[in-house]
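Trainee: Can we go through this model together? I would like to start with the helices and then move to the sheet.

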Amino acid sequence: MAANSLEFEMTYSLQAAVGLISFTEADFDTVVHEDLAHYSYLGRGESREFISEVKRWRRFFRPCAMYGYRLNPSTSIVSRYPYFNHDDFFTVDGNGVGRNAVIAPDTHVRVQAARSRGAPVFGFFGGSTIQGFGARLPQFSIPAQIEKIFKLRHGLDVVCINYGVAGWTCSDSLLLLIQEAGLNLDAAFFYDGWNCCYDFYLRTIAPRFVSDHTPIPHPFPGTSFRHMEIDYIASLHFSAGYLGRRAVQLMINRCLTWVADRLPYKSVRCFLDFVLRRYFSLADNVLLRNRLNSYVVQPNEEEAITESAVTDYLATHKKLSRCCQAEGLRFWHVYQPILANSNKPLHPCEVEFSKTGLPAGPINVSQIFRKLVNRDEHEIIDFSDIFDFSPQQMFVDAGHLNAKGNFQVALRLSDLIARDLNKDGR
């Protein structure tokens, strides 16, 4: 009992030191105000179908043929999260990498400073959870908290770089590691599983649709589902029906956006957004996803399809491991916690959004995927059980974590890394 009490006090002190205990909404407003003087602030982005909002987000997530999209350098935005009542603030440095603090040097400057003082540089790759959705502020993301915890708990000076991009999978991050990030790092941490599960699952289903009479592209090795979506849209560029519908959608969207801007009442905007989302959506990148979702998977083939998806997923991570080994980097693979794979006692808020929150594909597929991943001998650190004994709210939807959830992940991962470094005498 005394040991548990001491650990609780140490954890509470760490949370206070990283700013979690004292954080208020006033602090959030202060951070946003501070940023206005330093970076290109894009305002408050909402999950709406209005073309003005689509263009705002395209200035933050810049289209990119190689990756689908990248974070736009030297920009910042406040994101109104549609599935839980809060705002997140994101700021990107001049290298197109998320910052760990509102006012901070660019990544290349931080790496050079770390090299000059002999501090190791860790790169964290993943999707929206690593980027910071649910964290509220950059300093409460997982990489930022690990950097602080290392100094406070272990007395070690490390630099943690946030390479997370919302929606990305390990395939996208592998490309980033090879092309840009690998030379700057001493270790690469891949925190994934949620996006990858559904992405690799859909890619496994896609060949069942491919024929001479369908525009659905073949999923060539090394391509992510994001690439397949871009190929699918490209295949429709000479379709008169598609182009005609697109022109109508744009005209109607512009008209309803004009109305919404002049009648800025919440009820009006919600209604017009519903009309656009339901009948005139501009999100053509989901056309392929919707077609594949229409495929009815029979119970007797579900596990076989998921097993094929897991095989591709693990093959990507084995490529990552070999790539890191060739570059002299340590490689860590963390399987992230999501609500479907957790035995956590649910907080009342978690009960509510577990019914209505962000969809993450079929729950049973997530569970089968994780079971098959853990069957492999590949060195995977499964964090699915990290919240199993915590009644506090940690999730803000089916997979994103709040700042305290990020803290628990950062604390456990920091201890694992520190133990590994000490074992090697570093």
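**Helix contacts, cores and a sheet**

Mentor: Start where Cys170, Ser171, Leu174, Leu177 and Ile178 of α7 meet Tyr313, Thr316, His317, Lys319, Leu320, Cys323 and Cys324 of α13. Contact means heavy atoms within 4.5 Å. Helices (H or I, at least four residues) and strands (E, at least two) are DSSP runs, numbered from the N terminus. This is a predicted model, in which local features need pLDDT of at least 70 and side-chain atom pairs count only at pLDDT 80 or more, while totals for chains, interfaces and linings use all residues. Residues are numbered from 1 along each chain as its sequence is written, and side-chain values use heavy atoms, with hydrogens and water left out.

Trainee: At what angle do the axes of α7 and α13 cross?

Mentor: Roughly 15°, and the axes come within 10 Å. Axes are lines fitted to C-alpha atoms, for helices over the stretch in contact, and angles run from 0 to 180 degrees between N-to-C directions. α7 and α13 are therefore roughly parallel to each other. Angles under 35 degrees count as roughly parallel, over 145 as roughly antiparallel, 65 to 115 as roughly perpendicular and the rest as oblique.

Trainee: Is the crossing of α7 and α13 left-handed or right-handed?

Mentor: Left-handed. That label applies if the near helix is turned anticlockwise from the far one by less than a right angle; clockwise gives right-handed.

Trainee: And how do the axes of α13 and α15 cross?

Mentor: At roughly 50°, with the axes of α13 and α15 (residues 363-375) coming within 9 Å. The two helices are therefore oblique to each other, and α13 passes α15 in a right-handed crossing. Tyr313 and Leu314 are among the α13 residues in that contact, and Ile368 and Phe369 are among those of α15.

Trainee: Switching topic: which residues have the most contacts inside the largest nonpolar core?

Mentor: Phe60, Phe125, Leu177 and Tyr313, in a core of 68 residues. The largest share of this core, eight residues, comes from α13 (residues 299-327). A nonpolar core is a set of buried Ala, Val, Leu, Ile, Met, Phe, Trp, Tyr and Cys residues joined through side-chain atoms within 4.5 Å. Buried means under 20% relative accessible area, exposed over 50%, partly exposed in between (1.4 Å probe, protein chains only).

Trainee: What is Phe60 in contact with?

Mentor: Leaving aside neighbours within four places in sequence, the partners of Phe60 include Leu42, Ile77, Phe90 and Gln131.

Trainee: Now the sheet. What is the order of its strands?

Mentor: β1-β4-β5, an open sheet of three strands with mixed pairing. Two strands pair if DSSP finds at least two bridges between them. β1 (40-45) and β5 (86-91) stand at the edges with a single partner strand each, so one side of each has no neighbour in the sheet.

Trainee: How many bridges join β4 to β5?

Mentor: Six, and β4 (residues 75-81) runs antiparallel to β5. Ile77 has Phe90 as its bridge partner, and Ser76 has Thr91.

Trainee: Why is β5 largely enclosed by the rest of the structure?

Mentor: Because six of the six residues of β5 are buried. His86, Asp88 and Phe90 point one way, and Asp87, Phe89 and Thr91 the other.

Trainee: Which helix lies across β1, β4 and β5?

Mentor: α2 (residues 25-35), running at about 30° to β5. α3 (residues 51-60) also packs on the sheet, touching β1, β4 and β5, and its direction makes about 140° with that of β1.
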